[in-house]
Amino acid sequence: MRKFKFADRILNCASVKLFVYHTPESTPTDLLPDCAVVIDVLRATTTIATALDAGAEAVQAFSNIEELMRQADSWSAEKCLRAGERGGAKVKGFDLGNSPLACKPEVVKGKRLFLTTTNGTRALQRVEKSPQVITAAQINRRAAVNYLLETQPKTVWMVGSGWQGDYSVEDTACAGAIAKSILQQSDVSLIDLFGNDEVIGAIALYERWKDNLLNVFRLCSHGQRLLKLDGDEDLKYCSQTDILNVLPIQKEPGVLIKH
Ligand code: MLT
C-alpha cells in the first residue's frame with residue numbers, strides 16, 4: 001500500500017540509510033553523510049527552530065565565545081543578538097540565553113542570532129561540511145521528516161548533541177521519533193532503513209516515552225540541570241511534538257536559515 005503522499009512521491013526504501021549517533025564524538029571521523037540532522041532538544045535546536053519561526057534572519061552557531069564576539073562585533077548592532085549559555089546559564093553580557101521562550105517575534109524578527117551553546121553548536125560544527133545539514137527537535141520533527149522523505153538522501157546521520165561527550169536521552173528519543181515517523185509514512189521496512197543498531201535502540205526509546213516526554217525530560221541529567229535554573233517552562237515547551245512547521249537548514253557553514 002502506498003503510504004507516503006507528500007509531494008505525491010513514494011520513498012524509495014532501498015536508497016535511504018539512517019544512522020543514529022548519540023554524540024558528535026561518536027560519529028566516524030573519516031566520512032560524512034549526504035544529510036546530517038543535528039539534534040539538541042534541550043535546547044539549542046529547539047531554540048534555533050523557534051527563532052527562525054519567529055522571523056530571525058538566520059542563526060549563526062559558534063562553539064567558541066571569542067569567535068562569536070569577533071564576528072558579532074563586525075555586524076550592524078541593530079541586526080544582531082548575542083545568545084548562548086554555558087552550563088545552561090546565560091553567558092554574561094549577552095542579549096539572550098538559550099531559552100526558546102525568549103525568541104519572541106518582537107525580540108528576534110529580522111535579526112541574526114549569534115549563538116553559542118555547550119554542546120549543540122559543537123555538534124553542528126562536527127558535520128558542517130556535509131552536503132546537506134538540517135537541525136531537528138521534537139517541536140519541528142514533522143518538518144525534518146518531510147524534508148528527508150522529499151529529498152531522500154542516501155545516507156542520513158542523526159547526531160545527538162549529548163552533554164560534554166556523554167549520551168543524552170532526549171536527543172536519542174527525538175532521533176527515534178524521526179525514524180519512527182519515516183517508517184510510518186513510507187513503504188520502507190526497518191531492516192532496509194537502519195544503518196546502525198542505534199536506530200533500533202532510538203525507536204525503542206521513543207516508543208517507551210512518547211506519551212510522557214515531559215516526564216523523561218524532568219528526569220534526565222540535563223533536564224535536572226535546567227530545573228535547578230528554573231527551566232521547567234523550557235522543558236514543557238521542548239517536550240511538545242510537531243508544533244512548528246519550520247525547518248532550519250544550513251546555507252553556509254554554521255549559518256542556519258529557514259528552508
Ligand atoms: C547545549 O548546547 O548544550 C544546550 O543547548 C544547553 C542548554 O540547555 O542551553
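# Notebook: ligand site, cores and strands

**Entry 1, the ligand.** I began with the ligand and found 13 residues around it, of which Asn98, Thr117, Asn119, Gly120 and His222 come nearest. A residue is near a molecule or strand here if one of its heavy atoms lies within 4 Å of it.

I noted that this is a predicted model, in which local features need pLDDT of at least 70 and side-chain atom pairs count only at pLDDT 80 or more, while totals for chains, interfaces and linings use all residues. Residues are numbered from 1 along each chain as its sequence is written, and side-chain values use heavy atoms, with hydrogens and water left out.

Next I looked up polar contacts, meaning pairs of N or O atoms within 3.5 Å; within protein, one must be able to donate a hydrogen and the other to accept it, and residues adjacent in sequence count only if both atoms are side-chain atoms. For Thr117, a polar side-chain atom lies 2.6 Å from an oxygen atom of the ligand. For His222, I also read 2.6 Å between a polar side-chain atom and a ligand oxygen. Arg43 has a side-chain N or O atom 2.8 Å from an oxygen atom of the ligand. The ligand on its own has 270 Å² of accessible area, and the protein covers 100% of that. Such areas come from the Shrake-Rupley method with a 1.4 Å probe; for residues, only the protein chains shown count as cover.

I then looked for nonpolar cores, which are sets of buried Ala, Val, Leu, Ile, Met, Phe, Trp, Tyr and Cys residues joined through side-chain atoms within 4.5 Å. Buried means under 20% relative accessible area, exposed over 50%, and partly exposed in between (1.4 Å probe, protein chains only). In soluble globular proteins, nonpolar side chains tend to be buried together.

The largest nonpolar core has 42 residues, and Val37, Ile39, Met158, Ile178 and Ile182 touch the most other members. Helix H6 (residues 169-184) gives the most to this core, with eight residues. I counted helices (H or I, at least four residues) and strands (E, at least two) as DSSP runs, numbered from the N terminus. Apart from this core lies another, of 31 residues, including Leu52, Val59, Leu113 and Leu115.

I also listed contacts (heavy atoms within 4.5 Å). Leaving out residues up to four places away in sequence, those that Ile39 touches include Ala136, Met158, Val159, Cys174 and Ile178.

Is strand E3 (residues 58-62) enclosed or open? Five of its five residues are buried, so E3 is largely enclosed by the rest of the structure. Ala58, Gln60 and Phe62 point one way from E3, and Val59 and Ala61 point the other way.

Which strands does E3 pair with? Two strands pair if DSSP finds at least two bridges between them. Five bridges join E3 to strand E6 (residues 112-116), and the two run parallel; Ala58 stands opposite Arg112 there. Two bridges join E3 to strand E10 (residues 255-258), this time antiparallel, with Val59 opposite Leu256.

E10 is also joined to E9 by four bridges, and these two run antiparallel. Pro248 stands opposite Lys258 in E10. E9 and E10 form a hairpin with two residues between them, and Gly254 in the turn has a positive phi of about 85°.

H5 is mostly covered, since eight of its eleven residues are buried. I found that its buried residues pack against strand E2 (35-39), strand E7 (132-136), E8, H6, helix H8 (197-209) and strand E9 (248-252).

Gln152 follows H5 and has a positive phi, near 45°. It sits in the loop between helix H5 (141-151) and strand E8 (155-160). Its relative accessible area is 19%, so Gln152 counts as buried. A polar atom of the Gln152 side chain lies 3.3 Å from the backbone oxygen of Leu149.

Lys17 lies in strand E1 (residues 17-21) and is partly exposed because its relative accessibility is 30%. The Lys17 side chain reaches the backbone oxygen of Asp192 at 2.6 Å. Lys17 and Trp157 are 140 residues apart along the chain, yet their C-alpha atoms are separated by 8.6 Å.

Asn196 is in the loop between helix H7 (190-193) and H8. At 12% relative accessibility, Asn196 is buried. A polar atom of its side chain lies 2.9 Å from the backbone oxygen of Val20.
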